[in-house]
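Open the structure in your viewer and keep the selection panel at hand. This tour takes one stop at a time.

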Amino acid sequence: MPTLQIREAIRDAMREEMLRDDRVFLMGEEVGHYQGAYKCSQGLLEQFGEKRVVDTPITETGFAGVGIGAAMCGLRPIIEFMTFNFSAVAFDQIINNAAKIHHMTGGQFSVPIVFRGPNAAAHMLGSTHSQAFDAIYAHIPGLKVVSVATPYDAKGLLKSAIRDPNPVIFFESEMMYSVRGEVPEEEYLIPIGEADIKRPGDDVTLLCWGQSVPTALAAAELAQEHSGLSAEVIDLRTLRPLDTEAVIASVKKTNRVVIAEHSWPFGGVGAELVDRIQRLAFDWLDAPVTRVCYDDIPFSYAENLEHLSIPQPEDIHAALRQVAYRD
Amino acid sequence: MDLPDKDAPLPETLSSAGKAETLHAYREMLRIRRFEETAARAYTRGKISGFLHLYIGQEAIAVGTRLAMQQNDRIVSTYRDHGFALAQGCDPNACMAEMYGKKTGLVGGIGGSMHFFERDKGMWGGYAIVGNHIPIAAGHAFAAKYLGDDAVTICFLGDGAVGIGPTHEGMTLAGLWDLPVVFVVENNRYSMGTPLERTLPAADITSRAPGYGMVGDRFSVEDPFQVRDRLGAAIKRAREESQPTLIEILTYRFRGHSMSDPAKYRGKGELEAFRASDPFERVNRALRELHGMTEDELEALDEEVIAEMDAAADFADTSPQPDPDHRFKNIMIEGEG
């Protein structure tokens with residue numbers, strides 16, 4: 001099976017869907033002539049032309065809104081945010097238009113649109129360019145929210161997102177575009193809303209998504225090696241709708257849970273998971289559910305300070321030991 | 001702003017129109033005015049809640065616009081949207097029921113006064129976050145160009161919306177990409193309670209048009225045929241040349257911003273001066289002076305329209321509320337769409 005980088009998997013997903021459906025187009029800053037700020041659209045302008053690979057000026061609320069208006073007419077826009085930090089400028093379009101229009105028009109209009117781009121901290125970009133929007137968008141009824149960590153998942157889920165009749169927020173990661181993985185040559189789709197067991201285990205359920213997936217897998221390795229703990233690493237892949245069933249099934253097996261989040265703790269996706277777990281599996285729990293998150297502060301530029309704010313495998317290993325009462 | 005008084009000569013656009021079309025336009029303006037008055041009464045009686053923004057004084061714009069449109073053209077408007085819906089042919093019963101929050105409403109009681117949508121009638125909103133529909137309208141125009149159909153999008157905004165970001169970005173993209181859209185600023189002189197002297201850095205809003213690569217056109221509304229002709233030229237430019245236009249129409253609303261606004265900020269004699277220049281009364285005068293209609297005939301027409309709107313209020317009042325489960329409907333679409 002060929003291996004691809006995540007950026008190539010994303011490009012292939014867009015290419016295949018653009019070939020499959022003339023209504024699909026890509027719009028955003030630097031997506032065309034520049035080939036994408038992170039090269040996720042390499043070659044697409046050459047293949048599809050300026051009609052379907054549309055460079056925009058720096059106008060996030062403008063092109064997010066144009067995408068929504070076009071989707072209401074039956075087109076299938078893919079809107080690239082250079083980073084989700086800039087989606088803050090388009091927040092009103094996403095939450096007041098994309099998420100509401102199907103509902104507030106009594107179902108007369110739908111908004112089949114994908115907003116995609118890198119989310120969460122990268123490396124030494126300072127506070128305004130190092131934010132995780134997971135909980136912010138997952139909070140909004142009317143949106144689906146996907147967060148991917150492997151080339152295989154990125155391709156299969158992006159294809160599903162493009163075909164989805166609803167607005168989908170699709171989180172990638174600047175830090176992970178070069179991550180390689182196997183991607184089948186034949187076409188496949190991954191349904192939105194299904195978690196994936198990235199590493200089976202018996203002792204602790206370790207929940208993660210996006211950037212926290214590689215961190216969690218490294219932590220599981222440490223826990224196995226140094227603590228004899230077998231962690232079951234579950235990649236949620238979709239934050240809304242949450243695959244509660246997969247989470248609860250694992251919790252009932254392991255009776256202990258650690259949630260690894262590359263995002264802030266307050267009102268986070270992890271907090272939602274804790275709520276569901278305690279309601280649906282209270283009697284199966286042998287320890288309080290523990291979360292490992294970003295520090296609850298804006299990010300710093302300095303390398304050492306930034307590093308300290310991001311959950312590291314060692315932090316997650318410590319949490320795994322804690323819920324297993326190993327200390 | 002120089003206002004023609006009520007005895008000024010009738011504008012050529014109005015005086016050259018035939019009786020049938022003048023009567024039709026008048027009837028449509030009258031329907032909007034009586035609808036709004038009926039809604040205002042229902043609001044004071046507690047039948048309508050939330051926000052209610054009336055279009056009284058601006059009717060000639062919605063009616064004139066409709067006259068300039070083709071079947072597949074679209075209106076995208078603000079929360080002051082009732083006039084457009086009625087002019088587009090939406091059923092007043094459904095419109096009134098929407099404001100009463102009833103199952104039989106235009107969008108099933110989900111949207112209320114500010115979110116009138118009827119896709120097949122070209123009534124494409126109904127947006128209530130000031131300025132955020134400008135990029136949406138540009139998006140409809142983008143789709144028309146992408147799909148190669150000839151639909152033109154006509155997007156209305158108030159003078160209060162020209163300062164906010166999405167307006168600037170949406171117009172920038174429309175101009176950059178030569179989108180078939182007409183932006184129409186209904187300048188009714190107030191951004192809620194703040195007069196335009198305190199909100200606009202330059203009095204002439206169309207002075208921005210060249211900056212967006214658009215043609216600008218600015219005029220005081222006199223009658224629906226003038227609006228039809230001026231917008232018609234812009235719609236033609238959009239349809240045939242795929243060129244956007246920025247139009248500013250100087251108008252006036254006779255009521256407050258919304259029902260909760262007593263409009264005490266108006267200058268002395270201002271309301272009276274604008275009332276004396278009301279396009280609605282001007283068309284009424286044309287029917288009497290040019291087309292020989294009598295006061296009795298116009299009174300009979302008024303009674304007929306009042307009865308239509310009273311019936312709409314009764315329909316709304318006696319309609320059922322939405323089913324409890326309806327609140328969960330139309331949020332996410334299942335399957336591939």
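What percentage of the 337 residues in chain B do buried residues make up? They make up 53%. Buried means that 20 or more other C-beta atoms, placed from the backbone, lie within 10 Å of the residue's own.

Before moving on, note that this is a predicted model, where local features need pLDDT of at least 70, side-chain atom pairs count only at pLDDT 80 or more, and totals for chains, interfaces and linings use all residues. Residues are numbered from 1 along each chain as its sequence is written, while chains are lettered from A and ligands numbered from 1 in the order in which they are written.

Stay on chain B. Color by secondary structure to find 11 helices and 9 strands (DSSP runs: helices are H or I, at least four residues; strands are E, at least two; numbering starts at the N terminus). The C-alpha trace spans about 60 × 50 × 40 Å along its principal axes.

Now select chain A. Its 7 strands β3-β2-β4-β5-β7-β6-β12 form, in that order, an open sheet with mixed pairing (strands pair if DSSP finds at least two bridges between them). Go to the edges: β3 (53-55) and β12 (238-240) of chain A each pair on one side only.

Next, select residues 24-28 and 76-80 of chain A. These are β2 and β4, paired in the parallel sense over 5 bridges. Zoom in on Phe25(A): its bridge partner in β4(A) is Pro77(A).

Last stop: residues 151-163 of chain A. This is helix α7, which lies across β2, β4, β5 (114-118), β6 (144-147) and β7 (168-172) of chain A.

Methods:
Buried ≥ 20, exposed ≤ 12 C-beta atoms within 10 Å, placed from the backbone. Contact = placed C-beta atoms within 7 Å. Axes fitted to C-alpha atoms, helices over the stretch in contact; angles between N-to-C directions.
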